[in-house]
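Please walk me through this model in the viewer. I would like to know what to select at each stop and what is found there.

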Amino acid sequence: MPPTTPIAPGALAARGPASLATPEAGTPLPTSPSISPPMARRLDSTLPLNPRRMSLDAGTPRAAADTVAPPRRQSLPSLPVRAGSPGPVPSAGQPEAIEPQTPPSPGSPTATSYAAHDIEAMQLAHAPRQASAAAFFAMQNARHFGPVAVVRTVVQGSVAPELARAVVTHPQVAAGVQAGVLAWSLARRVLSQLHSESAPQVANRAFAGHGLDTANNLPRRGWQAVQSLGIAGGDVAALSLTVLSMARPELKPVAQAAAAIQLRAHLVSQLREFFRPTVNTVHVGNSDPAVPQPLEGRNLRGQDITPTMRLGFGAAAGAVEFGAQMLQQTVLGGQAAWNADRGLAVAAGLIAGVANMLTSSVEDHLVDNASARRMQQADPSHVTHIHLESRNPLAPNELGRQAERVDARVFNMMLPSLLAMGVMQALAPKMREAGTPPGGQYAVQATVNALCAGVLLGSLLALTVKSYQLNDGVRSHRARQP
């Protein structure tokens, strides 16, 4: 055995880092990778805890770890150890040997930290970029422009006024159209009920927003019965007024208004849900399968729709409705749309369409943010973000939208409008007797419509969301069936 030469303390430090990185000429270099314990500790503290990066040089910047391949580190020949010495002593002119390190055993704290860090890094890498409140609201309006603003403009500005004119000029035709709308409404209500009863436990769970009592059908069926009675009652009232106006001409103005409200509610809701899949601009959550998903998805419970949300949505809906009513009355000169020029009626319909778009965006903005807050209990990467998508509205799964969602929208459009119409019919004679100027009449009508829309829509926000969840939950369940 060749003799070993002791090294004076501090000799290696005097040689500098270069002597450690570059061995003297003629020294053979084995190829087995190894890392000294001090260096391993430095790597632990400076590099991300990821096993596939443990071979990086301690001086490699973290940001460049994914793009710069580190130089292959090589170990030196093993050195002889004197009896009783604490470790190998290198000979003169040789760098210190680098001892191999074994990977952490499974279940050890170090391995656990590696796994936790890897999961977190993977989730952050796949997390969608959260949209600002302004950008998210703007994209929601872009999503609602076609299915809401354009559809309501055409229906309220052109189609509904024609039916109202027919109540006076061709009452039998108008009554036939209204009877057809009533028949279709009843058929759709039956189909909606069959749709939800095809998976009652899924429907109950989606309606409640949790799975604690999926066998309890009473809350869901009770609200479906209220919607059915409300929609059918409005349809029957509008048809009855048209029939009665044939013998009592003084009822024609109110019959015209009721017919326009009936057709507008059904046609706007039906077309809105039909065209809804064609454009999507926003999304909530992180759909990456590596990210923990909430058990209930985006569904909300009743307590997730806070009083602040209801009050905020009701105030916003009322304010938008007041402004829209004032603008419409100004454009129409205080006349009903069916008594005004057709061009002015379309302009008034455009105002109503833009107002409906804004109200829908406020509703979705509040609900989507509430969904994000609940989903973030499972993982913080579930955020509101911009997401562009278009789907075929004729796909079997998308045709399922023509169920509870349409019924909920018809109910929410018809009830406030019919209630406001009844109040205005009671106030109109008193305003004429008092000699209220046109501007005052506009303000009264706008206020009545705003109060009815704001109070009712704000109060029904939680039930409206439950109806949407019910429809979406059953559709998703049916789509997964073979």
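Select Trp-338 and Met-421 to begin: in this predicted model, these two have the most contacts inside the largest nonpolar core, a set of 25 residues. Next, colour helix H5 (133-169), helix H6 (171-197), helix H8 (218-245), helix H9 (252-275) and helix H11 (342-375), the elements that each give two or more residues to this core. H9 gives the most, with 8 residues.

Stay on Met-421 and show its surroundings. Leaving aside residues up to four places away in sequence, Met-421 touches Val-254, Ala-257, Ala-258 and Ile-261. For the second core, which is separate and has 16 residues, select Val-151, Ala-203, Phe-411 and Met-413, which are among its members.

Now go back to helix H9 and pick Gln-262. Is this residue buried or exposed? Gln-262 counts as buried because its relative accessibility is 2%, and the cut-off for buried is under 20%. Show side chains here: that of Gln-262 makes a polar contact with the side chain of Gln-178, at 3.0 Å. Besides Gln-178, Gln-262 touches Val-181, Leu-182, Asp-235, Ala-238 and Met-414, again not counting residues up to four places away in sequence.

Finally, zoom out to the whole chain. A cartoon view shows 15 helices and 2 strands. Of the 482 residues, 43% count as buried. Among contacts with a separation of 6 or more, 81% are between residues 24 or more positions apart. Switch to a surface view for the last stop: the chain exposes about 24300 Å², with carbon and sulfur atoms supplying 65% of that area.

How values were computed: Residues numbered from 1 in each chain as written. Predicted model: local features only at pLDDT ≥ 70, side-chain atom pairs only at ≥ 80, totals over all residues. Heavy atoms only, no water. Helix = DSSP H or I, 4+ residues; strand = E, 2+ residues; numbered from the N terminus. Buried < 20%, exposed > 50% of the residue type's maximum accessible area, 1.4 Å probe, protein only. Contact = heavy atoms within 4.5 Å. Areas by Shrake-Rupley, 256 points an atom, 1.4 Å probe, with all protein chains shown as cover. Core = buried A, V, L, I, M, F, W, Y, C linked by side-chain atoms within 4.5 Å. Polar contact = N/O pair within 3.5 Å; in protein donor to acceptor, adjacent residues only side chain to side chain.
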